[in-house]
Structures are given as structure tokens and as C-alpha cells.
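This briefing covers selected packing and pairing features of one protein chain. The points are grouped by topic after the structure.

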Amino acid sequence: MTVMRSRGVRMGAAAATLAALLLSAGCASDDEGTPSGGASAGGGGSIKEGLSVAFLPKQVNNPYFTVSDNGGKAAVEEFKGEYKEVGPSEASASSQVSYLNTLTQQGSDVIALSANDPNAICGAVNQARQGGAKVVTFDSDTNKDCRDLFVNQVTGPGIAENQVKLISDAIGGKGKVAILSATANATNQNAWIELMKTELKKPEYSGIELVTTVYGDDKDEKSFQETQGLLSAHPDLKGIISPTTVGVAAAARYLSGSQYKGKVALTGLGTPNQMREFVKNGTVKNFALWNPADLGYLAAYAGAALASGMISGKEGDKFTAGKLGEYTVGAEGVVVLGPPTVFDASNIDQFDF
């Protein structure tokens, strides 16, 4: 079982910090006087200054990763490191390999990576590690033997329980539903989908039938078209779950302008700024997400703690991630950010990311 941190994430308080991040990427915290090298671990020590930290998302110019990587940048500036972001424009299985090879040649100390495929990049990741880099995956993991730590946004079962309950409540516990995912190889998406299938087998969800899963490849246009195709193929569909920020926003846009608005329920994982319009116009009742800026922030601190020799990545290691507080490494080198937050009309205006 993954060990979670001792203090829960407070999403409301984090929203102000994130808003500031988006206005000025150099703002590290909403509290003045944050220490510049302020991580500590069970074995003592502090983060080395001047660490080169590179963020490699699934794809650049994706709003979700823009926010998460800016969170990483804020952390790197706090501990006086050198930050960069590189990555592909398309989230394909092997698109990250060339970037990993370049970062290895450049001698990066830390690579924070959201994997498009659990195995396709393992060779390049291991070369980076052999070259001296500490590799921390976040958001989407590689094979556990291909990295030093995985910073998970939430537990998989937590996502599955959340998403299934939201769609069940939205359709009154009865009817056909479908899943609109990202890419067919996305590690986190596939794990969540399998857990959702298991969750749907519970007696309380016996009235719900999962008819299909389709893939929008984290592209807005393709996700929009896949939503249209779902409803053409299944005109009696009652609900859609889209556990990806690009997909859920595209699906909401399609539903909002179609005859299905108010008739087909939609939930998923999205950002408040993407989804606010669709919550307020009645297309979407609610959806969920963690704070992506905090995820990137935590990944940067975890990588820096590794690169500074403060932790090794073994189960039970402890480190402090700046303003987020203390975390403990769980089984298989996993660190969990915290539980998701549900956004609806009553609270969505409290968040700006």
C-alpha cells in the first residue's frame, strides 16, 4: 500500500498560489519568507544549489502540463536550481525518446517526466540514469524499474471510485456509459480505466453498463470527434467519463452545442478554468482534479532530494517539499500528492487554474 503524506492537500488554499504562478512563473509561494533550500529528510542535509532540473511532459502546450510544469519551475526557483521544459507536440509512445537522449547528453541532474508509454522510453530513461540523472515520473508512470520515484497525483482506486460515483449520481444509477480516454498507451489512463471497470462491478452500480472506451489522443479536435462518434454509435448513451483534461473539455464543448446537452451526463478530470463555462451553462454537473501545479512542485522537490542524496527512493524515506510539507515514499517508490477535489457550481469560482 502506498504511504500518503501526513498532511492533506488543501486545494482551496492552493488556488491562490496557482493563480499567482500563472501570472508570474517566478512566484514560488503565497507565503513570504519561504526558505530557498528548505527541504529536509530523515537523514538530514539540504538540497544542493544549482541543480539542473528538466521537465518533460507528455506534450508541450497542453494546458494541464503548462500548469504542472510552472509548479515545478516555482519549486526549482525556491531551491535555486536551473529549470527547463522540453517535450514533443504530440503525445505518441516514442515521442519523448529524443528529448531524453538530449537531456542525458546535457548532463541534467533531475528529469521530471510524464510518460506517454510505460515501456517505450525505458531504454532512454535508463541511459539518463546511468549518465547521472535522477528520474522522477509524475502524472503518468513508466515501468517501475525505469525510474527512481513516481509522484502520483492520487491513488488509482481513489480516481476510479470518484469518477464512477460522479457519473452514477449524474445518471441516477442507471444507463449506458462510455469512457473517452487520452492515448491508448497512457499508463495512468489505462490503470484508471481497469479500476473503473472493477468499481462498476459493485452491486450499487449494477444498473450501469460500460459500452465502450474510445481514445482522443489528448488532441482537442480528435476528442471532439470521438464524442460525436460515441453518440452516433450509441444514441441511448446516458453518460461519458473522460479522465483527461483535453478530452473532458472537448466533450463538454460538443455536448454544449448539441441536442444532447442536459440529456447526456459528462464528468471526468478537468481544470476549473476549462470547465467553468460548461458547469455554469448546465452541460456538466461536476468533475474532479488535483492541483496540477502542486503535482509539478512536488515532483521537482522529490527529484532534488534524490539528486542531493537526502533520500534514495526506498520505502519509508521522508522529505519536505517546501510549502506542501512532509511526504513519505511508499511501496515501489511512489509518493502520493493527495485526494482529488470535486468541482461544481457551488465552488468552481473559488479556483483559478
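In this predicted model, helix α8 (residues 245–256) and helix α9 (residues 272–280) have axes that come within 10 Å and cross at roughly 25°. That angle is under 35 degrees, so α8 and α9 count as roughly parallel to each other.

**Helix pair α8 and α9**
- The crossing of the two helices, α8 and α9, is left-handed.
- On the α8 side, the contact is made by T245, V246, V248, A249, A252, R253 and S256. Q274, M275 and F278 make it on the α9 side.
- Sorted by class, this contact between α8 and α9 has six nonpolar residues, three polar ones and one charged one.

**Open sheet β7-β6-β8-β9**
- Four strands, in the order β7-β6-β8-β9, make up an open sheet with parallel pairing.
- Its edge strands are β7 and β9 (265–268), each of which pairs on one side only.
- Ignoring direction, neighbouring strands in this sheet are turned by 20° against each other on average.
- Strand β6 (residues 175–181) runs parallel to β7 and is joined to it by seven bridges. Within this pairing, L180 stands opposite V214 of β7.

**Helices on the sheet**
- Helix α5 (residues 156–171) lies across β6, β7, β8 (237–242) and β9. The direction of α5 is at about 165° to β9.
- Helix α6 (residues 187–199) also packs on the sheet, where it touches β6, β7 and β8. The angle between the directions of α6 and β6 is about 165°.

**V214 in β7**
- V214 is a residue of strand β7 (residues 208–215).
- Its relative accessible area is 14%; because buried means under 20%, V214 is classed as buried.
- Leaving out residues up to four places away in sequence, V214 touches I179, L180, S181, E226 and L230.
- V214 and S242 are 28 residues apart in sequence, and their C-alpha atoms are 9.6 Å apart in space.

**Q228 in α7**
- Q228 belongs to helix α7 (residues 220–233).
- Its relative accessible area is 36%.
- The C-alpha atoms of Q228 and S258 are separated by 9.3 Å, with the two residues 30 apart along the chain.

- Which way do the side chains of strand β5 (residues 149–152) point? L149 and V151 point one way, while F150 and N152 point the other way.
- In a regular strand, side chains alternate between the two faces of the sheet.
- L149, F150, V151 and N152 are all buried.
- Strand β4 (residues 134–138) pairs with β5 in the parallel sense, over three bridges. V136 stands opposite L149 of β5.
- Strand β13 (residues 334–336) also runs parallel to β5, joined by three bridges. The bridge partner of N152 in β13 is V336.

**Whole chain**
- The protein chain has 10 helices and 14 strands.
- Of its 353 residues, 55% count as buried.
- Among contacts in the chain with a separation of 6 or more, 73% are between residues 24 or more positions apart.

Conventions
Residues are numbered from 1 along each chain as its sequence is written. This is a predicted model: local features need pLDDT of at least 70, side-chain atom pairs count only at pLDDT 80 or more; totals for chains, interfaces and linings use all residues. Side-chain values use heavy atoms; hydrogens and water are left out. Axes are lines fitted to C-alpha atoms, for helices over the stretch in contact, and angles run from 0 to 180 degrees between N-to-C directions. Angles under 35 degrees count as roughly parallel, over 145 as roughly antiparallel, 65 to 115 as roughly perpendicular and the rest as oblique. A crossing is left-handed if the near helix is turned anticlockwise from the far one by less than a right angle, and right-handed if clockwise. Contact means heavy atoms within 4.5 Å. Ala, Val, Leu, Ile, Met, Phe, Trp, Tyr, Cys and Pro count as nonpolar, Asp, Glu, Lys and Arg as charged, and the others, Gly among them, as polar. Buried means under 20% relative accessible area, exposed over 50%, partly exposed in between (1.4 Å probe, protein chains only). Two strands pair if DSSP finds at least two bridges between them.
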